[in-house]
Amino acid sequence: MLDALQIVTTVIVGLLVGVEFSVAFVINRILDALPDDSAQLGRSHGGRMLGALMPFWYIGSLALSAVWAVAGRGEGDAGLVVAAAALLLLSVVMSLLLLVPINNQGKTWTPESRPEDWKEQMNRWDRYHYVRVVILVAAFASLVAALA
């Protein structure tokens with residue numbers, strides 16, 4: 001049973017990393033290359049769509065890692081799993097404090113209602129997101145190392 005938990009957790013966190021990496025280095029770059037209205041509309045739509053899904057994915061990843069850490073305590077890899085869970089917790093806290101407030105504003109914007117500094121706000125979100133991606137990659141790497 002522990003083997004199945006380890007594999008499921010690693011796959012779920014790996015997919016989370018892949019999506020967030022794609023947002024940071026592919027999707028947002030594509031959107032930013034579009035004219036202002038299209039870029040802002042795309043980011044708003046993405047904020048609504050991913051904003052509805054990601055809380056479950058983040059909390060689920062954290063919960064699975066925590067269960068693995070408890071179920072695998074006493075094993076040689078327990079420290080790596082605890083480290084991964086701590087990093088995932090950090091990503092959740094960071095999301096709630098820094099990224100979600102910006103996203104909650106941005107997902108309501110239209111070309112007519114967006115603030116003049118909308119690009120600066122999106123750039124700030126991007127900078128926080130890059131840090132979050134690094135944290136997620138480190139959590140994933142810890143889980144992978146724990147499997148070895």
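What should the 31 residues of α1 span at 1.5 Å a residue, and how far apart are its end C-alpha atoms? I am working with a predicted model, and in it I find that the span of α1 should be 45 Å at 1.5 Å a residue, while the end C-alpha atoms are 43 Å apart, so the two values agree.

**Entry: overall layout**

I looked up the secondary structure and found four helices and zero strands, which follow one another along the sequence in the pattern α-α-α-α. When I took the box along the principal axes, the C-alpha atoms of the protein filled roughly 55 × 25 × 20 Å. The protein has 148 residues, and 38% of them count as buried.

**Entry: α1**

Returning to α1, I noted a kink of about 45° that is centred on Val23. Val23 is itself on the list of buried residues of α1, together with Leu5, Gln6, Thr9, Thr10, Val13, Leu16, Val17, Glu20, Ala24, Asn28 and Leu31. I then asked what covers these buried residues, and I found that the cover includes α2, α3 and α4.

I took Leu5, which lies in helix α1, as one case to follow up. Its relative accessible area is 16%, and because the cut-off for buried is under 20%, Leu5 counts as buried. Leaving aside neighbours within four places in sequence, I find Leu5 in contact with Leu64, Val67, Trp68 and Ala71. For Leu5 and Trp68 I also noted the C-alpha to C-alpha distance, which is 6.7 Å, although the two residues are 63 apart in sequence.

Arg29 is also placed in helix α1. Leaving aside neighbours within four places in sequence, Arg29 is in contact with Ala24 and Tyr130. I looked up Gln105 as well, which is 76 residues from Arg29 along the chain, and their C-alpha atoms are separated by 20 Å.

**Entry: two residues of α2**

Is Ser61 buried or exposed? Ser61, whose place is in helix α2, has a relative accessible area of 0% and is therefore buried. Not counting residues up to four places away in sequence, I find that Ser61 touches Ile12, Val13, Leu16 and Leu88; of these, Val13 and Leu16 are among the buried residues of α1.

Ala63 lies in helix α2 too, but its relative accessibility is 39%, so I recorded Ala63 as partly exposed.

For α3 I noted 29 residues and a reach of 39 Å from the first C-alpha to the last, which is close to the 42 Å expected at 1.5 Å a residue. There is a kink in α3 as well, of about 50° at Leu99, and it comes shortly before the proline Pro101.

Arg114 is found in the loop between α3 and α4. With neighbours within four places in sequence left aside, the contacts of Arg114 are Asp36, Asp37, Gln40 and Trp109. The C-alpha atoms of Arg114 and Asp37 are 9.8 Å apart in space, while the two residues are 77 apart in sequence.

**Entry: the largest pocket**

Last, I looked up the largest pocket, and its volume is about 590 Å³. It is lined by 32 residues, of which Leu50, Gly51, Asn103, Trp125 and Arg132 are the closest to its centre. Which helix gives the most to this lining? It is α2, with 13 residues, and I noted that α1 (2–32), α2 (36–71), α3 (78–106) and α4 (118–147) each supply at least two. Sorted by class, the lining of the largest pocket holds 17 nonpolar, eleven polar and four charged residues.

Conventions: Residues numbered from 1 in each chain as written. Predicted model: local features only at pLDDT ≥ 70, side-chain atom pairs only at ≥ 80, totals over all residues. Heavy atoms only, no water. 1 Å grid on protein atoms, 1.4 Å probe; cavity = no way out; pocket = protein on both sides within 12 Å on 5 of 7 lines; lining within 4 Å. Points joined across faces, edges and corners; volume = space filled by probe spheres on them. Nonpolar A, V, L, I, M, F, W, Y, C, P; charged D, E, K, R; others polar. Expected span 1.5 Å × (residues − 1). Bend = angle between axes of the 7 residues up to and from the residue. Buried < 20%, exposed > 50% of the residue type's maximum accessible area, 1.4 Å probe, protein only. Contact = heavy atoms within 4.5 Å.
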